Amino acid sequence: MKKERIKNEFLQLTSVDSISLKEREIAAILKGKLENLGFCVKEDRAAEKIGGEANNLYGFLKGSLPGEPILFSAHMDTVQPGIGKKTVFHEDGRITSDKSTVLGADDVAGIVEILEGIRSIREEGIPHRDVEVVFSVGEELYCKGASAFDFDMIKAKEAYVLDLSGPVGSAACKAPSIISFTMEVKGKPAHAGFEPEKGIHAIALMCKVIEGIKQGRLDEETTLNIGTIRGGTMSNIVPEHCVCRGEIRSYSHEKALQVLEDVRGILQETVKDFSFDSMVHIEAYSVEKGESVAERFARACEKLGLPGDLTETFGGSDNNVFAKQGIRGLVLSCGMYQVHSVEEYATIEDLILGAKLVRELILDLT
């Protein structure tokens with residue numbers, strides 16, 4: 001692994017503005033990088049499906065050895081604040097932004113590690129299996145890009161998604177379903193000073209609904225949160241509408257759906273005039289320790305002296321979408337820390353280790 005090349009590539013990619021649905025520039029750069037590595041690169045039609053500027057990138061690299069193809073994935077978009085990012089390298093090996101924006105290690109760290117791991121194999125002329133790469137758009141928006149991906153292009157049955165916080169050498173084998181919901185209560189407007197008794201107070205009704213809904217940690221694998229509430233137009237008018245939005249997460253998809261129905265039931269029992277909408281963003285999955293995708297990860301980590309820990313995450317990733325398509329995968333830690341904040345950072349050491357891990361995963365033919 002070439003340290004200076006890794007640093008320069010990380011700097012190049014984090015310097016590009018690539019907030020969700022605005023990934024056109026970084027997509028063009030990455031398409032060129034994949035082609036230079038010998039990949040046949042295709043774009044799908046995700047942009048028109050999700051209202052973005054760029055499509056998902058798919059790359060296929062033909063190997064000279066037999067064996068099932070192996071898939072690596074990372075996402076191209078960042079969260080806000082992500083415009084005008086300035087990357088700062090520190091003497092102790094840490095990499096930060098100038099603290100006015102996020103760094104973008106989520107998920108440039110994963111991208112760089114995938115590219116460098118493959119690049120090292122190609123430069124040394126080492127025989128390898130077929131390799132596939134997916135760089136997705138709109139991942140930070142509940143995996144919109146991956147959900148719109150044309151999976152007919154994928155040949156691999158196993159995947160490694162580099163998109164987890166923490167030091168290189170651990171991986172998430174379990175992630176939840178995430179379902180959002182919107183409740184709207186309809187009341188009746190009236191002048192709050194002259195004739196309040198003629199009105200039906202929508203916010204008060206919504207408060208009764210919320211009071212009946214248990215929030216927080218419902219059990220060891222399920223949470224529910226109502227995060228926003230909005231209603232009314234003026235202080236002297238009895239509010240006619242009130243809308244609130246919430247989210248359910250659970251390691252059990254069936255349980256998440258049941259909680260959603262429970263929320264709908266409480267709303268229906270409490271008020272007469274309402275609307276209720278929901279969306280399943282991603283579905284839960286779990287990978288067992290004995291599955292080949294996990295065993296390969298363990299062997300690669302052992303060879304590199306890494307812990308090889310299998311963990312759980314209560315966040316989603318493109319791996320949730322892959323799992324729904326029958327692709328067994330792990331989400332690998334790629335050395336990003338305090339993501340989704342201006343305190344986000346990465347380290348040179350992790351970037352190098354992550355690239356080495358990608359290399360070992362490709363070369364493991366067991």
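Predicted model: local features only at pLDDT ≥ 70, side-chain atom pairs only at ≥ 80, totals over all residues.
Trainee: What percentage of the residues is buried?

Mentor: Of the 366 residues, 53% are buried. As for contacts with a separation of 6 or more, 78% of them are between residues 24 or more positions apart.

Trainee: How many residues does the largest nonpolar core have, and which have the most contacts inside it?

Mentor: The largest nonpolar core has 68 residues, and Phe10, Phe72, Phe135 and Leu330 have the most contacts inside it. Helix α4, residues 105-124, gives the most to this core, with nine residues.

Trainee: What is Phe72 in contact with, leaving aside its neighbours within four places in sequence?

Mentor: Its partners include Ile114, Val131, Val133, Val134, Tyr160 and Leu162. Val358, Leu361 and Ile362 are also among them, as is Glu132.

Trainee: And which residues does the second core include?

Mentor: The second core is separate and has 20 residues, including Ile213, Ala256, Val259 and Leu260. Ala256, Val259 and Leu260 are also among the buried residues of helix α7.

Trainee: Let us stay with α7, then. How far apart are its end C-alpha atoms?

Mentor: They are 26 Å apart, which agrees with the span that 18 residues, 253-270, should have at 1.5 Å a residue. The buried residues of α7 are His253, Ala256, Val259, Leu260, Val263 and Leu267. Because these residues cover an arc of only 125 degrees around the axis, they are on the same side of α7.

Trainee: Which residues are exposed on the face turned away, and what covers the buried ones?

Mentor: Glu254, Gln268 and Glu269 are the exposed residues on the face turned away from the buried side of α7. The cover over the buried residues includes helix α6 (202-211) and the strands β9 (177-186), β10 (216-219), β11 (222-231), β12 (241-250) and β13 (274-282).

Trainee: Switching to α8: which of its residues are buried?

Mentor: Val293, Ala294, Arg296, Phe297, Ala300 and Cys301 are buried in α8. They fall within an arc of 160 degrees when seen down the axis, so they line one face of the helix. Glu302 and Lys303 are exposed on the face turned away from that buried side. What covers the buried residues of α8 includes helix α10 (348-363) along with strands such as β3 (70-75) and β16 (328-337).

Trainee: What follows α8?

Mentor: Gly305 follows α8, and its phi is positive, near 75 degrees.

Trainee: Where are peptide bonds cis?

Mentor: One joins Gln80 and Pro81, with omega about -5 degrees; Pro81 is in the loop between β3 and β4 (87-89). Another runs from Asp106 to Asp107, with omega near 25 degrees, and Asp107 is found in helix α4. As background, most peptide bonds are trans and most residues other than glycine have a negative phi.

Trainee: On to aromatics. How many pairs does a search of the whole structure find?

Mentor: The search finds seven aromatic pairs. In the pair of Phe149 and Phe151, the ring centres are 5.1 Å apart and the planes stand at 85 degrees, so this pair is edge-to-face. Phe149 and Phe151 are both buried, and together with Tyr58 and Phe322 they form one aromatic cluster.

Trainee: Which charged residues sit over rings?

Mentor: The charged end of Lys155 sits over the ring of Phe60, 4.7 Å from its centre. Lys174 lies over the face of Tyr251, at 4.7 Å from the ring centre.

Conventions. Residues numbered from 1 in each chain as written. Heavy atoms only, no water. Buried < 20%, exposed > 50% of the residue type's maximum accessible area, 1.4 Å probe, protein only. Helix = DSSP H or I, 4+ residues; strand = E, 2+ residues; numbered from the N terminus. Arc of directions from axis to C-beta. Contact = heavy atoms within 4.5 Å. Phe/Tyr/Trp six-rings, centres within 6.5 Å; stacked < 30°, edge-to-face > 60°. Lys NZ or Arg CZ within 6 Å of the ring centre and 35° of its normal. Core = buried A, V, L, I, M, F, W, Y, C linked by side-chain atoms within 4.5 Å. Expected span 1.5 Å × (residues − 1).
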